[in-house]
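Me: Please pick one part of this model and take me through it closely. I want the cut-offs as you go, and the surroundings before the detail.

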Amino acid sequence: SMLQDFSGMDVELATSFIKNSQRYDGGFSQGGSRESHGGSTYCAVAALSLMGRLDAIDMPALIDWLSVRQTTGFQGRVNKVPD
């Protein structure tokens, strides 16, 4: 990203994988049909941002998921104690 050179990776394939990891609730899982998780969501958003591909995801759903996770701390997973 710092060199603005993504020639060593398939940006479209990476974007597709991350996009398909966005769950029904707006967060991101570690792939497949796993549950959304704060760590996975952070990595997904960071990777897409570095690649300039944040437009590929459902941003309103993501913002909603993140807003609901912020309680007395950040709740990394649904129905878990906040960190």
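Reply: Buried means under 20% relative accessible area, exposed means over 50%, and partly exposed lies in between (1.4 Å probe, protein chains only). On that scale, 31% of the 83 residues of the chain count as buried.

The model is predicted, so local features need a pLDDT of at least 70, side-chain atom pairs count only at pLDDT 80 or more, and totals for chains, interfaces and linings use all residues. Numbering runs from 1 along each chain as its sequence is written, and side-chain values use heavy atoms, without hydrogens or water.

How confident is the predictor? The average pLDDT (the predictor's confidence in each residue, from 0 to 100) is 90 for the chain, and 100% of the residues score at least 70. Among the elements, helix 1 (residues 11-20) has the highest mean, 96. Helix 3 (residues 59-69) has the lowest, and its mean is still 93.

Next, the overall layout. The chain has three helices and zero strands. Helices (H or I, at least four residues) and strands (E, at least two) are DSSP runs, numbered from the N terminus. Read along the sequence, the pattern is α-α-α. The C-alpha trace spans about 40 × 25 × 20 Å along its principal axes. A contact means heavy atoms within 4.5 Å. Among contacts between residues at least 6 apart in sequence, 47% join residues at least 24 apart.

Helix 2 covers residues 38-51. Helix 2 makes contact with helix 1 and also with helix 3.

Take the helix 1 side. The axes (lines fitted to C-alpha atoms, for helices over the stretch in contact, with angles from 0 to 180 degrees between N-to-C directions) of helix 1 and helix 2 come within 11 Å and cross at roughly 150 degrees. Angles under 35 degrees count as roughly parallel, over 145 as roughly antiparallel, 65 to 115 as roughly perpendicular, and the rest as oblique. Helix 1 and helix 2 are therefore roughly antiparallel to each other. Helix 1 brings Val11, Ala14, Thr15 and Ile18 to this contact. Helix 2 answers with Ala44, Ala47, Leu48 and Met51.

Now the helix 3 side. Here the axes of helix 2 and helix 3 come within 12 Å and cross at roughly 140 degrees. That pair is therefore oblique. Gly38, Thr41 and Val45 are the residues of helix 2 in this contact. Their partners in helix 3 are Leu62, Trp65 and Leu66.

Ser40 also sits in helix 2. Ser40 counts as buried because its relative accessible area is 12%. Leaving out residues up to four places away in sequence, Ser40 touches Phe28, Ser29 and Gln30. Gln30 belongs to the loop between helix 1 and helix 2.

Gln30 is exposed, because its relative accessible area is 57%. Beyond neighbours within four places in sequence, Gln30 is in contact with Phe17 and Ser40. Gln30 and Asn20 are ten residues apart along the chain, with C-alpha atoms separated by 10 Å.

Ser21 lies in this loop too. Is Ser21 buried or exposed? At 4% relative accessibility, Ser21 counts as buried. Outside four places in sequence, Ser21 touches Gly27, Phe28, Ser29 and Gly31. Ser29 is therefore a partner of Ser21 as well as of the buried Ser40.

Arg23 is another residue of the loop. Arg23 is partly exposed, with a relative accessible area of 21%. Which residues does Arg23 touch, not counting those up to four places away in sequence? They are Ser29, Gly32, Ser33, Arg34, Glu35 and Ser36.

Arg23 and Arg53 are 30 residues apart along the chain and separated by 18 Å. Met59 and Arg23 are 36 residues apart in sequence and 12 Å apart in space. Met59 lies in helix 3, and at 27% relative accessibility Met59 counts as partly exposed.

To put the part back together: helix 2 runs roughly antiparallel to helix 1 and oblique to helix 3.
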